[in-house]
Amino acid sequence: MADALFGGLRAYGLIAAMWIRSTMAYRASFVMTALGNFAATSFDFITILLMFSHVDALGGYTLGEIAFLYGASGTAFGLADLVMGSMNRLGRRVRDGTLDTLLVRPVPVLAQVAADRFALRRLGRITQGLLIFGYGVLALDIEWTPLRVMMVPLMLLSGAAIFSALYVAGAAFQFWAQDASEVQNSFTYGGNTLLQYPPTLFAKDLVRGVTFVVPLAFVNWLPALYVLGRPYPLDLPQWLAFMPPVVAAVCCWLAALAWRVGLRSYRSTGS
């Protein structure tokens with residue numbers, strides 16, 4: 001098991017490094033596309049700034065608090081998008097038969113699909129998320145205890161793992177529904193947009209859904225509300241703020257299981 005995991009990570013690193021070398025061969029193009037990615041993802045926060053030009057709070061949250069939520073979600077999603085963003089191309093590979101070429105290589109298929117066309121330009125999204133997260137931290141008067149300090153990297157890394165699991169699970173679904181990339185995007189891109197705003201803006205049934213069904217609330221809502229000292233939605237217990245690593249591990253295990261089932265059910269284009 002450990003050898004297979006190490007081999008998969010090594011293969012992923014080698015493929016990603018190949019695409020990075022290819023990207024850096026045209027550095028001006030890379031800089032422009034990264035800046036374009038940064039600018040495009042900034043429009044969401046500009047919309048929030050426009051809202052706050054007319055209101056003092058949104059759902060009872062100040063601009064600094066929403067910047068904290070926005071930056072945490074955006075950074076976690078950006079990390080997952082950088083590492084696993086290529087998974088949404090799986091349906092296209094199944095349709096055109098190019099997945100068959102990956103099956104005959106002595107490298108895990110998941111590593112090949114995830115690292116394919118590794119896009120370094122996605123660093124623009126991560127940079128934008130970190131900048132807004134930093135603004136939120138500076139704008140707020142947070143009493144930083146050791147637990148709150150620990151919660152920040154815990155939240156970002158666990159959130160990235162949860163989003164990565166959604167990418168893999170969505171790709172596994174495409175073994176059966178080949179044109180399902182938009183379904184996958186509704187949970188990844190859509191989930192990121194949802195989490196940029198406080199839970200008080202949404203109906204309780206939706207909050208329950210993203211807590212107990214698709215656990216997106218563990219990406220930033222629950223840990224961030226602990227850091228901000230805000231009450232939890234649905235009167236949830238405070239100890240759930242420390243559960244993102246556990247939830248992320250369970251999500252990754254379920255995604256890996258779905259991937260194995262999907263891969264085993266795949267029938268070659270020529271079969």
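This is a predicted model: local features need pLDDT of at least 70, side-chain atom pairs count only at pLDDT 80 or more; totals for chains, interfaces and linings use all residues.
Biologist: Thanks! How many residues of α11 are buried?

Modeller: First, the idea: a residue is buried under 20% relative accessible area, exposed over 50%, and partly exposed in between, using a 1.4 Å probe and protein chains only. In α11, eight of its eight residues are buried, so by this definition the helix is mostly covered. Among them are Trp221, Leu222, Leu225 and Leu228.

Biologist: What do the buried residues of α11 pack against?

Modeller: Their partners are α3, α8, α9 (181-195), α10 (204-213) and α12. Here contact means heavy atoms within 4.5 Å.

Biologist: How should I describe two helices that pack together, such as α8 and α11?

Modeller: Two packed helices are described by the angle between their axes and the distance between the axes. The axes are lines fitted to C-alpha atoms, for helices over the stretch in contact, and the angles run from 0 to 180 degrees between N-to-C directions. For α8 and α11, the axes come within 10 Å and cross at roughly 155°. That makes α8 roughly antiparallel to α11. The words have cut-offs: under 35 degrees is roughly parallel, over 145 roughly antiparallel, 65 to 115 roughly perpendicular, and the rest oblique.

Biologist: Is the crossing of α8 and α11 left-handed or right-handed?

Modeller: The α8 and α11 crossing is left-handed. A crossing gets that name if the near helix is turned anticlockwise from the far one by less than a right angle, and it is right-handed if clockwise.

Biologist: Which residues make the contact between α8 and α11?

Modeller: From α8 come Leu147, Arg148, Met151 and Met155, and from α11 come Pro223, Ala224, Tyr226 and Val227. Sorted by class, that contact has seven nonpolar, no polar and one charged residues. In this sorting, Ala, Val, Leu, Ile, Met, Phe, Trp, Tyr, Cys and Pro are nonpolar, Asp, Glu, Lys and Arg are charged, and the others, Gly among them, are polar.

Biologist: Let me try another pair. At what angle do the axes of α2 and α3 cross?

Modeller: The axes of α2 (residues 27-52) and α3 come within 11 Å and cross at roughly 160°. That makes α2 roughly antiparallel to α3. This time the crossing is right-handed. In the contact, Thr41, Asp44, Phe45, Ile48, Leu49 and Phe52 of α2 meet Leu63, Ile66, Ala67 and Tyr70 of α3. These residues divide into eight nonpolar, one polar and one charged.

Biologist: Now for charges: how many salt bridges does a search of the whole structure find?

Modeller: The search finds five. A salt bridge is a side-chain nitrogen of Lys or Arg within 4 Å of a carboxyl oxygen of Asp or Glu. One of the pairs is Glu65 with Arg230, whose closest N and O atoms are 2.9 Å apart. Glu65 lies in helix α3 (residues 63-84) and Arg230 in the loop between α11 (221-228) and α12 (244-265), so this pair ties together parts that are 165 residues apart in sequence. Glu65 counts as buried at 10% relative accessibility, whereas Arg230, at 24%, counts as partly exposed.

Biologist: Which residues are linked in a network of salt bridges?

Modeller: The network links Asp81, Arg122 and Arg125. Within it, the side chains of Arg122 and Asp81 meet at 3.7 Å, N to O. Arg122 is in the loop between α6 (109-115) and α7 (123-139) and Asp81 in helix α3, so the pair ties together parts 41 residues apart in sequence. Arg122 is buried at 9%, and Asp81 is buried at 4%.

Biologist: And where does Asp235 lie?

Modeller: Asp235 lies in the loop between α11 and α12. With a relative accessible area of 75%, Asp235 is exposed.

Notes:
Residues are numbered from 1 along each chain as its sequence is written. Side-chain values use heavy atoms; hydrogens and water are left out. Helices (H or I, at least four residues) and strands (E, at least two) are DSSP runs, numbered from the N terminus.
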